[in-house]
Amino acid sequence: MSSPKPPTALLQQAVAHLAPVVPLLKELGELFTSAGHEIALVGGPVRDAFLGRRSPDLDFTTSASPEQTQALLAAWGETHWDIGKEFGTIGARRGGVTVEVTTYRADAYDRQTRKPVVAFGDNLEDDLVRRDFTMNAMALRLPSLEFVDPYAGLVDLARRVLRTPGPPEVSFADDPLRMMRAARFAAQFGASLDPGVEKAMRERAQTLAIVSAERIRDELTKLVLAPQPREGLEVLVDTGLAAQMLPELPALKLEVDEHHRHKDVYEHSLTVLEQAIALEGPPDGPEDSVPGPDLVLRLAALLHDIGKPPTRRFEQGGGVSFHHHEVVGAKMTAKRLKALRYDKETVKAVARLVELHLRFHGYGEGQWTDSAVRRYVTDAGPLLQRLHRLTRSDSTTRNQRKAQRLSRTYDELEARIARLQEQEELGRVRPELDGNQISEALGIEPGPLLGRAYKYLLSVRLDEGPIGEDAARERLLQWWADQPESRAGSVG
């Protein structure tokens with residue numbers, strides 16, 4: 001399928017968007033063509049130029065061999081590297097400009113792993129057919145800036161349709177990660193799946209098992225951080241991909257029992273995610289605004305209710321309960337994110353938010369004591385601003401009066417937190433005696449016993465607010481008198 005030649009105005013608009021790098025494009029084009037080789041700008045940068053977007057990377061493909069490319073770039077750049085040479089990629093840097101140029105590829109796959117048997121091609125069209133989707137299989141020949149689109153990628157880009165250059169079942173058999181990229185592009189560009197692509201994804205979803213957890217994690221992260229993650233997540237669930245890499249998400253589609261009706265937890269979770277995104281601050285905003293896109297907040301919003309399916313119970317009278325689903329969900333969240341190879345800090349933060357997301361519902365109409373408010377703040381720690389947004393987002397009721405009441409109540413809680421923080425610096429609540437002072441007062445060495453004493457004084461501080469060092473020392477000694485170690489004369 002050949003694409004009609006794009007309107008001159010549209011092509012001019014795309015080239016104009018590339019204006020800052022056009023001198024570089026022409027310079028590299030002349031460098032390679034004068035040596036008897038072809039070279040083209042390809043893939044994402046070309047697609048993004050038609051979308052009016054700035055692409056972070058410039059990808060080039062060439063007829064030159066890796067050795068020939070290396071010789072040319074070594075002369076052109078201030079430095080160059082060949083770390084990707086076995087795959088045909090040579091990189092170079094000059095000034096603030098970094099380029100990577102890859103020899104035409106005509107790879108074959110063994111269908112057991114994602115690793116290709118690297119083979120180099122001899123023409124641009126064959127290189128483009130191996131790419132994931134037609135909208136990424138467009139190129140600009142250099143230095144002429146001639147537009148090349150043998151698989152009608154521009155038409156698909158205009159329609160926002162994801163179609164593969166070759167048969168989709170072959171493309172996904174070669175590289176199953178391309179199915180994850182389809183979901184990611186749905187989230188990034190609002191693209192829909194070509195029927196053939198969707199059918200092949202459903203049929204081949206299980207082959208995602210040969211892809212490493214790290215590569216799946218990277219695609220999931222890009223999807224979650226995209227402008228419209230809901231659309232990509234729906235693709236993952238509808239095609240069966242989520243069942244392979246994030247099974248807790250489709251599990252939220254609890255069947256609706258005609259005698260035990262309850263909220264659709266899957267739809268609720270996607271709505272909470274959208275509402276949390278709406279509460280993110282601008283990308284360049286202050287830290288306490290939770291600048292978006294924020295991975296921790298978005299993952300917590302998506303996963304906050306995954307503990308509901310295993311804790312669901314039908315009660316007498318037709319009710320449904322999910323007792324302690326926040327605790328179960330936090331453990332499930334940590335397990336899944338660890339399996340996806342997320343870093344420890346992300347795992348810990350997301351799981352903590354899931355664990356705390358129901359805490360506010362004990363607030364009622366403001367019955368919490370100042371002690372309870374202090375504990376809410378200290379338990380959230382540096383996640384407090386994200387917890388505020390997650391808690392507010394978790395209200396998806398259609399009852400406007402109820403929604404407004406919950407919002408007003410949370411406004412009041414935030415106001416109480418602000419007042420207490422102003423009075424007591426809640427973000428840095430510590431016992432009024434430090435570890436050295438506790439050790440000296442009790443005559444004990446550092447160890448588990450000292451830790452218990454520290455926790456006791458912290459609970460006093462949270463329950464009663466500042467009472468002064470003398471009073472804290474008196475309370476500590478009273479507590480110590482009741483400990484068996486004190487009576488035994490232990491020194492820890």
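Of the 492 residues of the protein, 49% are classed as buried in this predicted model. The radius of gyration is 29 Å, whereas a compact globule of 492 residues would have a value near 23 Å. Taken along the principal axes, the box filled by the C-alpha atoms is roughly 90 × 60 × 45 Å. The secondary structure comprises 24 helices and 13 strands. When contacts between residues at least 6 apart in sequence are considered, 65% of them join residues at least 24 apart.

Electrostatic pairing was examined next. Side chains of opposite charge can pair when their charged atoms come close. With a nitrogen-to-oxygen cut-off of 4 Å, the count of salt bridges comes to 32. One of these joins the side chains of R392 and D411, with an N to O distance of 2.6 Å. This pair links distant parts of the chain, since R392 lies in helix α19 (residues 384–393) and D411 in helix α20 (residues 400–424), 19 residues apart. R392 is partly exposed, its relative accessible area being 26%, and D411 is likewise assigned to the partly exposed class, at 39%.

A further salt bridge is formed by R419 and E412, whose closest N and O atoms are 3.6 Å apart. R419 has a relative accessibility of 43% and therefore counts as partly exposed; for E412 the relative accessible area is 33%, which also places this residue in the partly exposed class.

The salt bridge between R130 and D127 has an N to O distance of 3.5 Å. R130 is partly exposed, with 24% relative accessibility, whereas D127 is buried, its relative accessible area being 0%. With the limit for burial set at under 20% relative accessible area, the arginine R130 falls into the partly exposed class at 24%, and the aspartate D127 falls into the buried class at 0%.

Helix α19 also contains R386. At 19% relative accessibility, R386 counts as buried, because the buried class covers values under 20%. Leaving aside residues up to four places away in sequence, R386 touches V290, D294, V296, L297 and L353. The charged residue D294 is thus among the contacts of R386, together with the nonpolar residues V290, V296, L297 and L353.

One cavity of 30 Å³ or more is present in the structure, and the volume of the largest cavity is about 40 Å³. The lining of the largest cavity consists of E432, L457, V460, R461, I467 and A472. Helix α22 (residues 448–464) gives the most to this lining, with three residues. By residue class, the lining divides into four nonpolar and two charged residues, with no polar residues.

How values were computed: Residues numbered from 1 in each chain as written. Predicted model: local features only at pLDDT ≥ 70, side-chain atom pairs only at ≥ 80, totals over all residues. Heavy atoms only, no water. Buried < 20%, exposed > 50% of the residue type's maximum accessible area, 1.4 Å probe, protein only. Helix = DSSP H or I, 4+ residues; strand = E, 2+ residues; numbered from the N terminus. 1 Å grid on protein atoms, 1.4 Å probe; cavity = no way out; pocket = protein on both sides within 12 Å on 5 of 7 lines; lining within 4 Å. Points joined across faces, edges and corners; volume = space filled by probe spheres on them. Rg over C-alpha atoms; globule rule 2.2 N^0.38 Å. Contact = heavy atoms within 4.5 Å.
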